[in-house]
Amino acid sequence: PPFFLLSSSGMMTLTVGLLAALIGCFSITNAFTTAKCNHQEILDSFDNYKTCYAKKKDKIEENFCLGFKIAELCSHSSFAKCFEPEEVDKIAQNQKIEIRIIGTQTLKNLKFPDLLADSLYSRCTQAPSKAVTESYDQRSVYWLDYVSTDGLCDSSEKTKVEKETTNCFREEGENFKTEFKENVKKARGNLKSTICAILQYTVANCARKEYPSCFSEREEKYIKGLMVNAFEVGYNLIQKLSQGTKIPNLAKECLQ
């Protein structure tokens, strides 16, 4: 089906979801450094990416394919100062893959057929191929490879934490969705309390995990915060797509 068959509400939901997720991936605190940049300079580079991408929101809504080109351009203009050229190339490629993954999942949530996603992305010359996307090792904080931690974690320690954290939030996120579907319609009284209780024995388990001592408290808090932010994006989408049931806002304390 052609791209313009997407409804304006569907396109808006898709774009908002993408922008929220991408901004979430590239909001960083002053906990990490590189050989080229100090804390504030890294902070500025990630803020620059957010600003660069967000400025093109209207254009992306008009032409979804521009999201891939803009991710490439904004990555190079924002991160060249603090990261090595090959690292910037990798960040840009990962961002484009993430756009396709998030967009495909959003279309599924909107009940569009799988063939629509393939049709959409085949028209985008800068979109990663389906094969590249399917072979992608999705890592929520892959940029850990390029930064130093406060306690100078080695590569294996960073990889272990990144994979365990990503897998935990992914698995517990699925567990939450299962429990949510089973309990939301039969919940009696306060639906917010029911949802909070489910979160406490699913997603919140990940936020309570301890990290190796080479990660400072601020670094641990930040990485877990990224995962929580990603979960919140998905939860907000559930709110938008829910029919017949008013889903309450997510209380921060339920994820602690």
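Which helix gives the most to the lining of the largest cavity? Point 5 comes back to this, after some notes on how to read the model.

1. A word on the basis. This is a predicted model, in which local features need pLDDT of at least 70, side-chain atom pairs count only at pLDDT 80 or more, and totals for chains, interfaces and linings use all residues. Residues are numbered from 1 along each chain as its sequence is written, and side-chain values use heavy atoms, with hydrogens and water left out.

2. Side chains of opposite charge can pair when their charged atoms come close. Here a salt bridge is a side-chain nitrogen of Lys or Arg within 4 Å of a carboxyl oxygen of Asp or Glu, and the whole structure holds 9 of them. One is K81 with E41, whose closest N and O atoms are 3.6 Å apart. K81 sits in the loop between α4 (66-79) and α5 (85-109) while E41 belongs to helix α2 (residues 39-54), so this pair ties together parts 40 residues apart in sequence. (Helices are DSSP runs of H or I, at least four residues, numbered from the N terminus.) K81 is exposed at 55% relative accessibility, and E41 is partly exposed at 25%; the scale is buried under 20% relative accessible area, exposed over 50% and partly exposed in between, with a 1.4 Å probe and protein chains only.

3. Two further pairs lie within single helices. In helix α8 (residues 155-183), K160 and E164 are 4 residues apart, about one helical turn, and their salt bridge spans 2.9 Å from N to O. E164 is partly exposed, at 43% relative accessibility.

4. Helix α11 (residues 217-241) carries K224 and E220, also 4 residues apart and about one turn of the helix. Their closest N and O atoms are 2.7 Å apart. K224 is buried at 7% relative accessible area, and E220 is buried at 18%. Elsewhere, salt bridges that share partners join R100, D118 and K130 into one network.

5. Now the opening question. A cavity is a set of points, on a 1 Å grid over the protein atoms alone, where a 1.4 Å probe fits but cannot get out; lining residues have an atom within 4 Å of a point. Helix α9 (residues 191-200) gives the most to its lining, with 4 residues. The lining includes K192, Y235 and C254.

Terms used:
Helix = DSSP H or I, 4+ residues; strand = E, 2+ residues; numbered from the N terminus. 1 Å grid on protein atoms, 1.4 Å probe; cavity = no way out; pocket = protein on both sides within 12 Å on 5 of 7 lines; lining within 4 Å.
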